[in-house]
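Let's take a friendly walk through this structure together. Keep the 3D view open as you read.

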Amino acid sequence: MEQFAHALADFVRLHQAWAAPIVFLLAFGESLAFISLLIPAWGALVAIGALIGASGISFYPIWIAGAIGAALGDWVSYWFGYRYKEHVAQMWPLSRYPEILPRGEAFVRSWGVPSIFIGRFFGPLRASVPLAAGIFEMPYWSFQAANFVSALVWAAALLLFGDVIARILEWIWRLI
């Protein structure tokens, strides 16, 4: 996964016009219930965030692309859970990870709407919370409000984390 993140960051550095679409797709995949279990993309998002200050890529288009991708991934997961309810647990890859959905359910039942915001920041929950919210019919507009606000914060946090790490490493490199 680390090689993938570096290769993708190198591609974005060389082809900056592709930064926003790539970040959109990474955030969408990272937030989509089934895909995020197979390909965690947060490392690539942090690596691309490291390029923001170093290469002059504008933060705002990248941030908005990441937030929209993440929100759409969670929305699709919510819709899928709402539409297919109990059949979701028998579908691959969740059938291979039977513990994920019950954890998501318990989390959504315990925390309610804030579970959407909290779940976005914890990898194992990120895949199951929107799905569980759909299965257990969390009110649509409550879900969407938490979904979009958390997506904005999450995308900014990952990208800025990468940018800050890059600046710290650059500062340390200058001292050496």
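## Where H4 meets H10

The axes of helix H4 (residues 42-55) and helix H10 (residues 140-175) come within 6 Å and cross at roughly 55°. Axes here are lines fitted to C-alpha atoms, for helices over the stretch in contact, and angles run from 0 to 180 degrees between N-to-C directions. Helices are DSSP runs (H or I, at least four residues), numbered from the N terminus. The angle makes H4 oblique to H10; angles under 35 degrees count as roughly parallel, over 145 as roughly antiparallel, 65 to 115 as roughly perpendicular and the rest as oblique. The crossing of H4 and H10 is right-handed, meaning that the near helix is turned clockwise from the far one by less than a right angle.

On the H4 side, the contact (heavy atoms within 4.5 Å) includes Trp 42, Leu 45 and Val 46. Among its partners in H10 are Trp 154, Asp 163 and Arg 167. Sorted by class, the contact of H4 with H10 has ten nonpolar, three polar and two charged residues. Ala, Val, Leu, Ile, Met, Phe, Trp, Tyr, Cys and Pro count as nonpolar, Asp, Glu, Lys and Arg as charged, and the others, Gly among them, as polar.

## About the model

This is a predicted model, in which local features need pLDDT of at least 70 and side-chain atom pairs count only at pLDDT 80 or more, while totals for chains, interfaces and linings use all residues. Residues are numbered from 1 along each chain as its sequence is written, and side-chain values use heavy atoms, with hydrogens and water left out.

## H5 and its two neighbours

Helix H5 (residues 59-84) has an axis that comes within 7 Å of the axis of helix H2 (residues 19-31), crossing at roughly 30°. That makes H2 roughly parallel to H5. Their crossing is right-handed. By class, this contact of H2 with H5 has 13 nonpolar, five polar and one charged residues.

H5 also comes within 8 Å of H10, axis to axis, with a crossing of roughly 140°. H5 and H10 are therefore oblique to each other, and their crossing is right-handed. Phe 59, Trp 63 and Tyr 78 are among the H5 residues in this contact, and Tyr 140, Phe 148 and Leu 160 are among those in H10. The contact of H5 with H10 divides into 19 nonpolar, three polar and one charged.

Side chains of opposite charge can pair when their charged atoms come close. Which side chain does Arg 109 meet in a salt bridge? Its partner is Glu 105 (3.1 Å, N to O). Being four residues apart in helix H6 (residues 100-111), Arg 109 and Glu 105 are separated by about one helical turn. The count comes to five salt bridges, each a side-chain nitrogen of Lys or Arg within 4 Å of a carboxyl oxygen of Asp or Glu.
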